[in-house]
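Dear colleague,

Please find the structure below.

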Amino acid sequence: MTDRTALIDRLDAVVRPRAARVQRALASPVRDARMTVVVGRMLGLAFLVCFVTGLYSHFLQSPVDWFVAPARPEYLYAWTQGTHVVVGSMLFPLLLAKLWVVYPRLFQWPPVTGLRDVIERASVGVLVATALVLPVTGILNVLGWYPWEFSFRRTHFALAWVLIGALLLHIAVQLPTIRRFWAGGSDD
């Protein structure tokens, strides 16, 4: 046995019981795959509504040849922007609920078991980061406070695409679990 293998085995012997203890302490009957899918459905729908209303706003402010905005009803833009702001603000409690449900997974050991886990964890990191940054910058935009040097509109638009890409990758990786629990399956 090499020194590296011995070090890894010793590290595993120390971390594995601690990770198991943390997971037991965080255990809850509500923290299961079914609840993860239920909250994820609501969060995904909220992201989709924000993305579509944001695209509409973006194409009105930066027109492209292929998009012709409807002239009626007159208040369509106000309704879509109101929806964008309200649903975007609702992302916080939904995101916190989703993070609360999946929090014990941070302490699984080993943290990654293969390429699929690496891709999943990386996409989740990008997803969570953009999901937190977008509503924060959006709310600060509503307040008219810009404590940053970058263009809000361009950055918000670009991050929305990053979020949707990370969300689609996350859904693709988790699709078997989502399909199993979508209509009310249980962990049993």
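On a 1 Å grid over the protein atoms alone, a pocket is an open set of points where a 1.4 Å probe fits, with protein on both sides within 12 Å along at least five of seven lines; its lining residues have an atom within 4 Å of a point. Points are joined across faces, edges and corners, and a volume is the space filled by probe spheres set on them.

This is a predicted model, in which local features need pLDDT of at least 70, side-chain atom pairs count only at pLDDT 80 or more, and totals for chains, interfaces and linings use all residues. Residues are numbered from 1 along each chain as its sequence is written, and side-chain values use heavy atoms, with hydrogens and water left out.

The largest pocket has a volume of about 1000 Å³. Its lining comprises 37 residues, with Thr 36, Lys 98, Val 102, Val 124 and His 170 nearest the centre.

The second largest pocket has a volume of about 620 Å³. It is lined by 29 residues, and Gly 54, Gln 81, His 84, Phe 152 and His 156 are the closest to its centre.

Regarding charged contacts, the whole structure contains 1 salt bridge (a side-chain nitrogen of Lys or Arg within 4 Å of a carboxyl oxygen of Asp or Glu). It joins the side chains of Arg 72 and Glu 74, at 2.0 Å from N to O.
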